[in-house]
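Trainee: I would like to learn how to read a fold one feature at a time. Could we work through an example together?

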Amino acid sequence: MTKASIYIITSIANSLNPEKQKETDLLELVDKGYHLIVWNDEVNTFEWVIETLIDVCGHERIQAEQCAWLIHTRGKYAVKDGDYETLKSMCDAITERGIGATVESAA
């Protein structure tokens, strides 16, 4: 949802219930402006990357398989978006398994 969408929804809600005006003015969009990037290499197997994405990122098997193919064909792929702290811990867990990963700003 974009900031514009949130603003429109907030404006409609405010017009229907003016008492809530002050509360909704405090609504702030949470920035999920980071990507967890996994890098291709010639060492790790598809199965190991898939298992890692399932274990560390909570992917379903089909999602992990698709990510593995994208990593392989593109050289890297953003397997997860979110806040820096969450992605950093996932990145550390992935690199501990011998797979290259970084956290990059989406901006």
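Trainee: What share of the 107 residues in the chain do buried residues make up?

Mentor: This is a predicted model. Buried residues make up 23% of its 107 residues.

Trainee: How many helices and strands does the chain have?

Mentor: There are 5 helices and 3 strands. Read from the N terminus, the order of elements is α-α-β-α-α-β-α-β. As for contacts between residues at least 6 apart in sequence, 63% of them join residues at least 24 apart.

Trainee: How should I read a helix? Take α3, and tell me which of its residues are buried.

Mentor: The general idea comes from the helical repeat: an α-helix has 3.6 residues a turn, so residues three or four places apart point the same way. In α3, the buried residues are Val49, Ile50, Thr52, Leu53, Val56 and Cys57. They lie on the same side of α3, because the arc they cover around the axis is only 160°.

Trainee: What do the buried residues of α3 pack against?

Mentor: Their partners are β1 (34-39), α4 (61-74), β2 (76-82) and α5 (84-96). The length of α3 can be checked too: 12 residues at 1.5 Å a residue should span 16 Å, and the end C-alpha atoms are 16 Å apart, so the two agree. After α3 comes glycine 58, with a positive phi near 75°.

Trainee: Threonine 52 is in helix α3. Is threonine 52 buried or exposed?

Mentor: Threonine 52 counts as buried because its relative accessibility is 1%, and the cut-off for buried is under 20%. Beyond its neighbours within four places in sequence, threonine 52 contacts Cys57, Ile94, Arg97 and Ile99.

Trainee: Which residues does isoleucine 94 touch in turn?

Mentor: Setting aside residues up to four places away in sequence, isoleucine 94 touches Leu36, Val38, Thr52, Val56, Cys57, Ile99 and Ala101.

Trainee: How do I read the nonpolar core, and which residues have the most contacts inside the largest one?

Mentor: In soluble globular proteins, nonpolar side chains tend to be buried together. Here the largest nonpolar core has 18 residues, and Leu36, Val38, Leu53, Cys57, Val79 and Ile94 have the most contacts inside it. β1, α3, α4 and α5 each give two or more residues to this core. The largest share, 5 residues, comes from α3.

Trainee: Which residues of α4 are buried?

Mentor: Ala64, Cys67, Ala68 and Ile71 are buried in α4. Their arc around the axis is only 105°, which puts them on the same side of α4. The face turned away from that buried side carries the exposed residues Ile62, Trp69, Thr73 and Arg74. The buried residues of α4 pack against β1, α3 and β2.

Trainee: What follows α4?

Mentor: Glycine 75 does, and its phi is positive, near 95°. As for α4 itself, its 14 residues reach 20 Å from first C-alpha to last, close to the 20 Å expected at 1.5 Å a residue.

Trainee: How do I read a pocket, and what volume does the largest one have?

Mentor: Rolling a probe the size of a water molecule over the atoms shows where empty space is left. The largest pocket has a volume of about 150 Å³. Its lining includes Trp39, Asp41, Phe46, Val49, Ala68, Ile71, His72 and Ile99. Two or more lining residues come from each of α3 and α4. α4 gives the most, with 3 residues.

Definitions and conventions: Residues are numbered from 1 along each chain as its sequence is written. This is a predicted model: local features need pLDDT of at least 70, side-chain atom pairs count only at pLDDT 80 or more; totals for chains, interfaces and linings use all residues. Side-chain values use heavy atoms; hydrogens and water are left out. Helices (H or I, at least four residues) and strands (E, at least two) are DSSP runs, numbered from the N terminus. Buried means under 20% relative accessible area, exposed over 50%, partly exposed in between (1.4 Å probe, protein chains only). Contact means heavy atoms within 4.5 Å. The expected span of a helix is 1.5 Å times one less than its number of residues. The arc is that of the directions from the helix axis to the C-beta atoms. A nonpolar core is a set of buried Ala, Val, Leu, Ile, Met, Phe, Trp, Tyr and Cys residues joined through side-chain atoms within 4.5 Å. On a 1 Å grid over the protein atoms alone, a cavity is a set of points where a 1.4 Å probe fits but cannot get out, and a pocket is an open set with protein on both sides within 12 Å along at least five of seven lines; lining residues have an atom within 4 Å of a point. Grid points are joined across faces, edges and corners, and a volume is the space filled by probe spheres set on the points.
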